[in-house]
Amino acid sequence: MLQNKIRRLVVGVVTAVASLLVVISPAAAETSAVRVIKYDTSQAQEFKAAWDEGAKVWNASVKNVRLEPGTPAQIRILADNGWPRAQVSGLGRGTVWMGRTAVNDGHHVPRITAHELGHILGLPDRRTGLCVDLMSGASAGTGCKNPLPNAAEKAQVERNFAGGFVAPTSTDGSDWALAG
């Protein structure tokens, strides 16, 4: 008798869970997996629009993370007269700088913003010298106008935000000073 009651209870629970799974659409499940990271461009000076463009690049490139302007922000964005760089304080958190030196030397501003945001998303500098590699940074030269991550870079960000990844504690982005 007790076994029958337990069996009916288990069947009822399984049926209820199965019913819920049918109701949840794949689109709803995908949306709930997106991690929203807010960035603050209030101190980005003349580069505010460029950082918005860098965020758009990543938003169009990956599915499980979305960069949005707003506060409180996980990403603080600044401008100064040095080289672009990122100080990562955790996956999806940190400070990035747009350095006017790289801009004045002719580096492509949208590439710089997408590259530095790549650090916040957990990507290291690669310095391959290839324009197709966003994380090659300044090593691709001033003629490189590609702001898009390659397939491997996109896949790494997707893996980073799938769970369990621990970002480095700092990434200085100094590759912009090593153009050549």
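I began with Cys 144, which is buried at a relative accessible area of 2%. Buried means under 20% relative accessible area, exposed over 50%, and partly exposed in between, with a 1.4 Å probe and protein chains only. Cys 131 is partly exposed, at 29% relative accessibility.

This is a predicted model, in which local features need pLDDT of at least 70 and side-chain atom pairs count only at pLDDT 80 or more, while totals for chains, interfaces and linings use all residues. Residues are numbered from 1 along each chain as its sequence is written, and side-chain values use heavy atoms, with hydrogens and water left out.

I then checked the sulfur atoms: Cys 131 and Cys 144 form a disulfide at 2.1 Å (a pair of cysteine sulfur atoms within 2.5 Å). I noted 85 degrees about the S-S bond, a right-handed link. Helices (H or I, at least four residues) and strands (E, at least two) are DSSP runs, numbered from the N terminus.

Next I looked at the strands. β1 (residues 35-43) and β2 (residues 65-69) run parallel, joined by five bridges; strands pair if DSSP finds at least two bridges between them. Arg 35 has Val 65 in β2 as its bridge partner.

Last, I read the confidence. The average pLDDT (the predictor's confidence in each residue, from 0 to 100) is 82, and 72% of the residues score at least 70. Over residues 13-32 the pLDDT is below 50.

How values were computed
Contact = heavy atoms within 4.5 Å.
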